[in-house]
Amino acid sequence: MKLIKYIEALTCWSGMLAALLIVPLIGSLVVEVVSRYVLGSPTLWAFEISYMVTGAIFMLAMANALRINMHVSVDLFTLMMSPRVHAAIRLLSYMIFLPIIAWLVWELSKYAYGAFESKERSGKSAWNPIIWPVYTVWFVGFLMLSLQIFAELVKAFRVLVLGQEVEAK
């Protein structure tokens, strides 16, 4: 269970980092509003910063949302089932989902590296920043999600086989 605790500590860190990114997002939007409506001169960078930071927030927070059970879930039937049956459903779901996410992590790593090597730019504004940091955040976010899915899979297996719930998060 030390591995699970380590994975969940990383996931928690990722979620906290995502929460902290709210500050630069708000700051960039305030600067843009003041610049546009008070000074009459919109910024070149605010649009791209806002979508990049918002995307980073979602990417870095999705694993933590799974860790604390804040993801979308339809519990109408599973609440009526025994913990072992519910664990079996989760186990099956995670076993299906994990290879797909692992493949996505692999492809995103190549995508981020390719953008870094080629010095790819966004092409969405006059600012035109390099884009590899965004792709790297996508990679890290999905890597964290795959690790958390693995942790959830192990926890579901434990409930199914041993009948032991993992301690509260």
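**Surface patch and ring cluster**

Modeller: This is a predicted model. Ile22, Ile26, Val30, Val33, Val34, Tyr37, Val38 and Leu39 make a nonpolar surface patch of about 800 Å².

Biologist: Is valine 34 buried, partly exposed or exposed?

Modeller: Valine 34 sits in helix 2 (residues 22–38). Its relative accessible area is 38%. Buried means under 20% and exposed means over 50%. Valine 34 is therefore partly exposed.

Biologist: Now the rings. How is the pair of tyrosine 111 and tyrosine 135 classed?

Modeller: The structure holds four aromatic pairs. In one of them, the ring centres of tyrosine 111 and tyrosine 135 are 4.5 Å apart. Their planes meet at 35°. Stacked needs under 30 degrees and edge-to-face over 60, so this pair is tilted.

Biologist: How many residues apart in sequence are the parts that this pair ties together?

Modeller: Tyrosine 111 lies in helix 4 (residues 83–118). Tyrosine 135 lies in helix 5 (residues 132–162). The pair therefore ties together parts that are apart in sequence by 24 residues.

Biologist: Is tyrosine 135 buried or exposed?

Modeller: Its relative accessibility is 8%. The cut-off for buried is under 20%. So tyrosine 135 counts as buried.

Methods: Residues are numbered from 1 along each chain as its sequence is written. This is a predicted model: local features need pLDDT of at least 70, side-chain atom pairs count only at pLDDT 80 or more; totals for chains, interfaces and linings use all residues. Side-chain values use heavy atoms; hydrogens and water are left out. Patches are made of residues with over 30% relative accessible area and no salt bridge: like charges are joined within 9 Å, nonpolar side chains (Val, Leu, Ile, Met, Phe, Trp, Tyr) within 5 Å. Accessible areas come from the Shrake-Rupley method with a 1.4 Å probe; for residues, only the protein chains shown count as cover. A salt bridge is a side-chain nitrogen of Lys or Arg within 4 Å of a carboxyl oxygen of Asp or Glu. Helices (H or I, at least four residues) and strands (E, at least two) are DSSP runs, numbered from the N terminus. Buried means under 20% relative accessible area, exposed over 50%, partly exposed in between (1.4 Å probe, protein chains only). Rings of Phe, Tyr and Trp (its six-membered ring) pair if their centres lie within 6.5 Å; planes under 30 degrees apart count as stacked, over 60 as edge-to-face and the rest as tilted.
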